[in-house]
Amino acid sequence: MGNRLDGKVCIVTGAGSGMGRACAAEMARQGGRVVVTDINEAAIEETLAGIAAEGGEGAPFVCNLRKPDEIGALIAFAAGRFGGIDVLHNNAAVHETDLTNQTSIEELPDDIWDAVYEINLRAIWLAIKYATPHLKESKRGPAIVNVASTGSFVSYPQAGAYCATKGGVLMLTKAAAVDLAKYGIRCNCYCPGAIDTPMVQKYYEAAPDKAAIMSVLTGAHLIPRLGRPEEVAKLACFLASDDSSFTTGAAYVIDGGTLAWRGVNA
């Protein structure tokens, strides 16, 4: 597994923390040259420090995914810095609860809907659009890996914008796989359940009854715990690598068994 991504130029969005940081680190560990991008410059530097400490190769780029021109600049930077692009990993996402307390469908502010849509779905389309000319030139098995969600298949309370956009990511992945097959570009996504990331940690760290919140988060998991970012990162690297060379347009569920049943553990 050590050289699964040997020499490949990889872009990872939202790589400043959580699954994005784990994916960037694992891609570098497996031989990739990684462009670490996030809106938070300090978080980027922390991710890069971890990569450098293990002897990996990375480069920083601060990017606001709500701004199309910055997405274009990110793609141009990656191609210029490393001489091309082989892997585009669209990891960044946001949940409406990160932005407002008014989260039900009937009260969600228009601007919050727009923010979730622009980050979770539009930015993925734009990154794919801008990266495709470079991916077409890749001789190292070009691949796109998107992060969808169990929310691509089922909905949750207070998550209308999140689930709508994650359903869109699933179908955009399939559409991209169809349109880009003629160039030899594969496009897949993975769909995490509750993973132990800052986005999830905020729910149980702020709760007066952490055990109760953890029970809610993991109750539908057949594997009775939160997923770990490094587990997700290994799947992302598989989909980015030639080991998945006959896989495109697919959605890989990594959810501890959540979608396998209709139950909740007591």
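In this predicted model, strand S4 (residues 87-90) and S5 run parallel and are joined by four bridges. His89 sits opposite Val145 in S5. S5 itself (residues 143-147) has five of its five residues buried, so the strand is largely enclosed by the rest of the structure. Its side chains go both ways: Ala143, Val145 and Val147 point to one side, Ile144 and Asn146 to the other, and all are buried.

Zoom out and you get an open sheet of seven strands, ordered S3-S2-S1-S4-S5-S6-S7, with parallel pairing. At the edges stand S3 and strand S7 (251-254); each has a single partner strand, so one side of each is left without a neighbour in the sheet. From one strand to the next the twist averages 20°. Elsewhere in the sheet, S1 and strand S2 (residues 33-38) also pair in the parallel sense, over four bridges, and Ile11 has Val35 as its bridge partner in S2.

Now for the helices that lie across the strands:

| Helix | Strands it lies across | Angle |
|---|---|---|
| H4 | S4 and S5 | about 175° to S4 |
| H8 (residues 229-240) | S4, S5, S6 and S7 | about 165° to S6 |

H4 also packs against H3. The axes of these two helices come within 9 Å and cross at roughly 35°, and the crossing is right-handed. On the H3 side, the contact uses Pro68, Ile71, Gly72, Ile75 and Ala79; on the H4 side, it uses Arg122, Ala123, Leu126, Ala127, Tyr130, Ala131 and His134. Sorted by class, that makes nine nonpolar, two polar and one charged residues.

What about the packing inside? The largest nonpolar core has 36 residues, and Ile11, Val35, Ile71, Ile85, Leu88, Ile128 and Ile144 touch the most other members. Elements giving two or more residues to this core include strand S1 (9-12), strand S3 (57-62), helix H3 (68-82) and helix H4 (110-135). H4 provides the largest share, eight residues.

Val35 is worth a look here. Leaving aside neighbours within four places in sequence, Val35 is in contact with Cys10, Ile11, Val12, Ala59, Phe61, Leu74, Phe77, Ala78 and Phe82.

Definitions and conventions. Residues numbered from 1 in each chain as written. Predicted model: local features only at pLDDT ≥ 70, side-chain atom pairs only at ≥ 80, totals over all residues. Heavy atoms only, no water. Core = buried A, V, L, I, M, F, W, Y, C linked by side-chain atoms within 4.5 Å. Buried < 20%, exposed > 50% of the residue type's maximum accessible area, 1.4 Å probe, protein only. Contact = heavy atoms within 4.5 Å. Axes fitted to C-alpha atoms, helices over the stretch in contact; angles between N-to-C directions. Left-handed = near helix turned anticlockwise from the far one by under 90°. Nonpolar A, V, L, I, M, F, W, Y, C, P; charged D, E, K, R; others polar. Pairing = 2+ DSSP bridges.
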